[in-house]
Amino acid sequence: MEKIKWGIIGTGRIAHTFAAALNGCGDAELCAVASRSERKAKAFADEVGAGSFYGSYKEFAEKADVQAVYIATPMASHFEDARICLKNGKNVLCEKTVTLNSAELEELLELADKNGLFFMEAMWTKCRPSFLKAKEWAQSGRIGQLKYIKADFSNMVRYDKKDRLFRPDCGGGALLDLSVYPVSLACAFLGNEPSETISSAHIGADGVDLSNSVVLKYPDGSFASTDSGFEIPLRNNALISGTDGYILFGDWFFCSNDVSLYDREGNEVEKFSYENDVNGYEYEIYEFNRCLREGLKDSPLVPHADTLAVMKILDECRRQWGMKFPQEM
Ligand SMILES: NC(=O)c1ccc[n+]([C@@H]2O[C@H](COP(=O)([O-])OP(=O)(O)OC[C@H]3O[C@@H](n4cnc5c(N)ncnc54)[C@H](OP(=O)(O)O)[C@@H]3O)[C@@H](O)[C@H]2O)c1
């Protein structure tokens, strides 16, 4: 099987992790990288063994000989970075959150559709074997009727006003950086159409949320409760509860290699564990490559409809808090 040719835009933390997954997965070839600076692009290419490098994202989009592009820039940059790639015939795997808001995402999806290209949110969690096992248990009725989800994600980050996480112009805040995981999990199990979104946040001096709680209520009476933040230590766990039992992920639920099934008395009845092939990011690469090879334009594991539904919920939370990014004013 011929390897899919990949490129990466951005040279930060996750770009390095993803490059290791690409190089280790055996299914892909890392051909090109792009940075806003030629020096950084060259250093990154040398480090990860990419054949070519570009000192501008636009030049990369126009010239790089790749089929797939992984966008690893801050949220506020995703829309433009994805747009130039889609305009230049490249399929896109875009980091979370894919855009600042749902309107931007709708525009990208239209462009991908018009140009016959594949676009996928890099919601790696949804491609991992532990997540797929939990879905299989839930869908086959192992925990009865789903009633409740509790999921949280905190990442204790020391305040640095230059860090993208605290910068409104970069799409900062815990909502887009962290809550996107527990909210995506809630929607994947309870559905994309909650009847009500109730949320609250602590907004810092820079104008982005430092912590938040989001409750999603569904028409059938089920609900999900999620907490996230840069300033509160949480268990980073996810519990999916039904009338006959519950499913519990190991710590750091979105990247956990363990998931267990419990009966309604709290006895563990089944445990699923696995070892990553590389570092955990390879599963979204396998899914992306599979979709490309099969000519799919929407991934069954990370469908556009799910990504859009989550973006709309995050929009609604920010509407409730009065939190806007400079690009939206
Ligand atoms: N899936 C995951 O587990 C995971 C984990 C962490 C982050 N992420 C996501 O990945 C994306 C990048 O996060 P990161 O932690 O890797 O960020 P980071 O370390 O700050 O790196 C971001 C890179 O984007 C480029 N960039 C473009 N415009 C920028 C700007 N205005 N300010 C700063 N950098 C800019 C820079 O590369 P050049 O200077 O070379 O152009 C920079 O190295 C975010 O969307 C984040 O949500 C995902």
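Predicted model: local features only at pLDDT ≥ 70, side-chain atom pairs only at ≥ 80, totals over all residues.

Trainee: What span should helix 7 have, and how far apart are its end C-alpha atoms?

Mentor: Helix 7 covers residues 174–190, which is 17 residues. At 1.5 Å a residue the span should be 24 Å. That agrees with the distance between the end C-alpha atoms, which is 22 Å.

Trainee: Where does helix 7 have a kink?

Mentor: The kink is about 50 degrees and lies shortly before the proline P182. After the helix comes G191, with a positive phi near 120 degrees. The residue at the kink is V180.

Trainee: Which element gives the largest share of the largest nonpolar core?

Mentor: That core has 108 residues, and those with the most contacts inside it are W6 and A186. Domain 1 and domain 2 each supply at least three residues to the core. The largest share is 13 residues, and it comes from helix 7.

Trainee: Which residues is W6 in contact with, leaving aside its neighbours within four places in sequence?

Mentor: W6 is one of the residues with the most contacts inside the largest nonpolar core. Contact here requires C-beta atoms within 7 Å. The partners of W6 are L22, A28, E29, L30, C31, V66, A68 and Y70.

Trainee: How many residues of domain 1 are in contact with domain 2, and which helix gives the most to that side?

Mentor: Domain 1 is 4–124 + 281–299, and domain 2 is 127–276 + 309–328. Their C-alpha centres lie 25 Å apart. On the domain 1 side there are 15 residues in contact with 16 residues of domain 2, and helix 4, helix 5 and helix 8 each give two or more to that side. The most, three residues, come from helix 8.

Trainee: By class, what residues does that side of domain 1 have?

Mentor: The side in question is the one that touches domain 2. Its 15 residues are in contact with 16 residues of domain 2. By class, they are eight nonpolar, four polar and three charged.

Trainee: Which elements do the buried residues of helix 4 pack against?

Mentor: Helix 4 has 13 residues and reaches 19 Å from first to last C-alpha, close to the expected 18 Å. Its buried residues include M75, F79 and L86. They pack against strand 1, helix 3, strand 4, strand 5, helix 5 and helix 7.

Trainee: Is G171 buried or exposed?

Mentor: G171 lies in the loop between strand 7 and helix 7. Among the residues in contact with G171 are M75, A76 and F325. There are 26 other C-beta atoms within 10 Å, and the cut-off is 20 or more, so G171 is buried.

Trainee: How far apart in space are L93 and T307?

Mentor: L93 is found in strand 5 and counts as buried, with 29 C-beta neighbours inside 10 Å. Its contacts include M120, E284 and F288. L93 and T307 are 214 residues apart in sequence, and C-alpha to C-alpha the distance in space is 12 Å.

Notes:
Residues numbered from 1 in each chain as written. Helix = DSSP H or I, 4+ residues; strand = E, 2+ residues; numbered from the N terminus. Expected span 1.5 Å × (residues − 1). Bend = angle between axes of the 7 residues up to and from the residue. Domains from an automatic or database assignment. Contact = placed C-beta atoms within 7 Å. Nonpolar A, V, L, I, M, F, W, Y, C, P; charged D, E, K, R; others polar. Core = buried A, V, L, I, M, F, W, Y, C linked by C-beta atoms within 7 Å. Buried ≥ 20, exposed ≤ 12 C-beta atoms within 10 Å, placed from the backbone.
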